[in-house]
Every structure is written in C-alpha cells, then in structure tokens.
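Please find below a colleague's note on the model under review. It is arranged as numbered points for reading beside the coordinates.

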Amino acid sequence: MTDADATTTTTTTVTTTTAAAAGADWQAWQESWDRQQEWYMPDREERFRIMLDMVEALVGPAPRVLDLACGTGTITARLLARFPQATSTGVDLDPALLAIAEGTFADDDRVSFVTADLKDPDWPAKLPYDAYDAVLTATALHWFHAEPLADLYGRVAGLVRDGGVFMNADHMIDDTTPRINAAERAQRHSRMDAAKDEGALDWSEWWQLAAKDPVLAGPTARRFEIYGEHADGDMPPAAWHARVLRDKGFGEARPVWCSPSDTLLLAVK
C-alpha cells in the first residue's frame, strides 16, 4: 500500500469514529497523525530511531523517560515498542492530542500523562518523579520564542539525572546559509505538493477532521482556545541550542542527526 493509500484509508477510518470515547479507534487517530506529520517530515521515523539509539547507548534499555510536549504519545509509543521495560511520563497542554494519547495508553501502567503548560515555571512540580534518565521531545519546541525556550531548558536540566540525556528533534534554521535554505525549502515543498495531490492531509485538514469527530470535537475546540491557529515561535540554529543547554547545566551538547531541514540535538548532563 502506498503512503497516499494509507492516508486515504486512515482518513476514512478516523471519520467513522464512534461517539463513545471508550469505543474510539485511537490507533486510527495515531496513524492519521503520523501520516500528517510525515507529509512534512518524510524522514521522521529515522530521527526517532537515532533518538532511541542514543537513549540505549547512554542510559540503557530500561529508562525512565519524560516525553516533553508529548502530543499523541508518538515518542512514547516507539520507546515502549523498542524498550518494553521503559516507563514514560507524557506532559502536554493540548487537550485533543492528550485525549488521543490517554486513549491509546489507557491500559498501560508504564505510562502516565500530566496536563501542564510548559511556559509555567512550576510545571515540573506536577510530575510524578523528581528526576528522569531521559527527556525527549520532537517537533514541538519551535512554538517557543528564544527567551522562554532558554528558561525551559533550565528547568529540563533540573529534571535530568547526572549522566542522563535530553534530546530535541526539531526545525533548527541556520540563517547564515540562505541559498541552501531556499533550495531545500523549494524542493521539500514541491514534494509535499505532489503528495498532497495524491491525498495526503496537511496540518489544517487533520484538525478539521478532529473538529468534526464526536469524541474529539470538544477537546479540539478547547485546544484552539488555548493556542489559536498556530504559535509564532523561533527556530534558532543548532549551535544556539547547544550553547544554551551547556549554559543551563548540561556537560555536552551537539547534533547527532540531521536532515536538510531538521536536527536531532543531544545533551548529556
């Protein structure tokens, strides 16, 4: 089955979700979210693989993980599939994505979720643990401007145990290479347009589906009350992230994977 066929199939499944949350097809929503995200990032699974490689290399195969800005629990799902003895705490503010995450992992005692605003300096007090082996996040922190992101990095440093790791996979734009950036963006958008013609959902269309679903309509409305259409954050280069993380208490920090548009940055406490 092609990606386009998978998207069409998932869309059909998602739009027939039952009204009762207990009967909702959470796996269909997970797959639909994955397809939508892959439209933007076709190498998304590769960066998750490298992320978990580095978790295993540095803290072992049974880590206690904080899934930061967890969304639907994408990282948690891949973590537990690879490391069955791992545990995960997901933290997010988005009521719709958290509904999908909580529905997906409702019967898994290795997973817990916390609703918290990462811009609130007191959010770590809501967590079930004072320290984690690894704090992992992907495609989320570009919603932050630089100053609050630096503050968040300081709080993350306080949650990672000595020898533990923090990893952020996200858009990290180097403004010193404008021609490279423009060429990469043009090629990426050309491929995205071709996939769209074959039925791929974009971010806006995915949320339109969620807003029509009997289970997710309420959480989706609340989500847009919180965030609006989209936050306008900063995307500083990887060197900025590495420098700030070292300033905030990590001993080492550098990229361990990158694509033409995204970077996975690893910091060790």
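The points below take up the basis of the model, the sheet, the helices, the cores and some single residues.

1. Basis. The model is predicted, with local features requiring pLDDT of at least 70 and side-chain atom pairs counted only at pLDDT 80 or more, while totals for chains, interfaces and linings use all residues. Residues are numbered from 1 along each chain as its sequence is written, and side-chain values use heavy atoms, with hydrogens and water left out.

2. Sheet order. Seven strands form an open sheet in the order β3-β2-β1-β4-β5-β7-β6, and the pairing is mixed. Strands (E, at least two residues) and helices (H or I, at least four residues) are DSSP runs numbered from the N terminus, and two strands pair if DSSP finds at least two bridges between them. The edges are β3 (111-115) and β6, each of which pairs on one side only. On average, neighbouring strands of this sheet are turned by 20° against each other, direction ignored; the axes are lines fitted to C-alpha atoms, for helices over the stretch in contact, and angles run from 0 to 180 degrees between N-to-C directions.

3. Parallel pairs on the β3 side. β1 pairs with β2 (residues 87-92) in the parallel sense over 5 bridges, and Val65 has Ser88 in β2 as its bridge partner. The pairing of β2 with β3 is likewise parallel, over 5 bridges, with Phe113 in β3 as the bridge partner of Gly90. A crossover is right-handed if, with the strands pointing away from the viewer, the path from the first strand over the helix to the second runs clockwise.

4. Surroundings of β5. β4 and β5 run parallel and are joined by 6 bridges, and Ala138 stands opposite Ala169 in β5. Together with α6, these two strands make a right-handed β-α-β unit. The pairing of β5 with β7 is antiparallel over 6 bridges; Val165 has Val268 in β7 as its bridge partner. β5 is mostly covered, with 8 of its 11 residues buried, where buried means under 20% relative accessible area, exposed over 50% and partly exposed in between (1.4 Å probe, protein chains only).

5. Helix α2. The 15 residues of α2 reach 22 Å from the first C-alpha to the last, close to the 21 Å expected at 1.5 Å a residue. The expected span is 1.5 Å times one less than the number of residues. α2 is mostly covered, as 11 of its 15 residues are buried; among them are Trp26, Trp29, Trp33 and Trp39, as well as Asp34 and Glu38.

6. Helix α3. The 16 residues of α3 (residues 44-59) should span 22 Å, and its end C-alpha atoms are 23 Å apart, which agrees. Its buried residues include Arg44, Arg47, Phe48, Met51, Leu52 and Val55. They pack against α2 (26-40), α4 (74-82), β4, β5, β6 (252-258) and β7. Gly60, which follows α3, has a positive phi near 95°.

7. Nonpolar cores. Such a core is a set of buried Ala, Val, Leu, Ile, Met, Phe, Trp, Tyr and Cys residues joined through side-chain atoms within 4.5 Å. The largest has 33 residues, and those with the most contacts inside it are Leu66, Leu68, Val91, Trp123, Leu152 and Phe166. β1 (64-68), β4 (132-138), α6 (146-159), β5 (160-170), α10 (238-247) and β7 (263-268) each supply at least two residues of this core; α6 gives the most, with 7 residues. Neighbours within four places in sequence aside, Leu152 is in contact (heavy atoms within 4.5 Å) with Leu68, Leu118, Trp123, Leu141 and Phe144. A second, separate core of 28 residues includes Phe48, Val65, Leu79 and Ala138.

8. Residues with positive phi. Ala69 has phi near 55°, a positive value in a residue other than glycine, and lies in the loop between β1 and α4. Thr139 has phi near 50°, also positive in a residue other than glycine. Thr139 belongs to the loop between β4 and α6 and counts as buried because its relative accessibility is 18%.

9. Phe224. Where does Phe224 sit? Phe224 is placed in helix α9 (residues 217-227) and counts as partly exposed because its relative accessibility is 23%. Not counting residues up to four places away in sequence, Phe224 touches Trp203, Trp207 and Glu229.
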